[in-house]
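Please look over the protein chain shown here, with an eye to its fold and its charged side chains. A short briefing follows the display.

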Amino acid sequence: NLHENEIQNFGIENIHELHSFIDLLKQLQKSELNNKQNQQKKSTIMIDIDPPTNPPEYLICPLNHKIMLDPVVTQDGNTYERKAIEEWFKNGNNTSPITGEQIETFLIPNKLVKNQCEKW
């Protein structure tokens with residue numbers, strides 16, 4: 001039979017190479033499976049991370065303890081919600097609520113903090 005002769009001529013050496021090749025394929029399949037499992041674990045970890053529930057402290061007015069809608073900077077460089085600091089001055093205070101130093105009542109809009117508050 002021609003087919004049997006071809007198999008016999010294939011030789012033991014080639015059979016060993018074939019077995020080595022099959023073992024290599026099995027290792028590659030196992031490696032691919034491990035990579036897929038690791039990718040799934042990584043994506044699960046990323047999904048499980050919750051965003052922060054509290055805004056950063058610099059977005060909170062030190063007077064009313066709320067996220068600022070209209071943040072302004074005072075003469076001493078601190079930022080407050082406009083209505084809160086205006087109320088502070090209206091009540092007769094002429095000092096910084098944070099440092100206690102005497103300050104003027106002019107206010108400068110804090111656009112950087114406002115943008116950050118809006119993003120939050």
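This is a predicted model: local features need pLDDT of at least 70, side-chain atom pairs count only at pLDDT 80 or more; totals for chains, interfaces and linings use all residues.

Residues are numbered from 1 along each chain as its sequence is written, and side-chain values use heavy atoms, with hydrogens and water left out.

**Overall make-up**

- The protein chain holds four helices and three strands, which follow one another from the N terminus as α-α-β-β-α-β-α; helices (H or I, at least four residues) and strands (E, at least two) are DSSP runs, numbered from the N terminus.
- Of the 120 residues in the protein chain, 18% are buried, where buried means under 20% relative accessible area, exposed over 50%, and partly exposed in between (1.4 Å probe, protein chains only).
- The protein chain exposes about 9900 Å², of which carbon and sulfur atoms supply 54%, with areas taken from the Shrake-Rupley method with a 1.4 Å probe.
- Among contacts with a separation of 6 or more, 41% are between residues 24 or more positions apart, a contact being heavy atoms within 4.5 Å.

**Sheet and crossing helix**

- Three strands form an open sheet in the order S2-S1-S3, with antiparallel pairing; strands S2 (79–81) and S3 (108–109) are the edge strands, each pairing on one side only.
- Strand S1 (residues 71–73) is joined to S3 by two bridges, and two strands count as paired if DSSP finds at least two bridges between them; Val73 stands opposite Ile108 in S3.
- Helix H3 (residues 82–90) lies across S1, S2 and S3 and runs at about 95° to S2, the axes being lines fitted to C-alpha atoms, for helices over the stretch in contact, with angles from 0 to 180 degrees between N-to-C directions.

**Salt bridges**

- A search of the whole structure finds two salt bridges, each defined as a side-chain nitrogen of Lys or Arg within 4 Å of a carboxyl oxygen of Asp or Glu.
- Arg82 and Asp70 meet in a salt bridge at 2.7 Å, N to O; this pair links distant parts of the chain, with Arg82 in helix H3 and Asp70, twelve residues apart from it, in the loop between helix H2 (12–48) and S1.
- Glu86 also forms a salt bridge with Arg82, with the closest N and O atoms 3.9 Å apart; because Glu86 and Arg82 are four residues apart in helix H3, about one helical turn separates them.
- Asp70, Arg82 and Glu86 are thus linked in a network of salt bridges; Arg82 is partly exposed at 22% relative accessibility, as are Asp70 at 26% and Glu86 at 38%.
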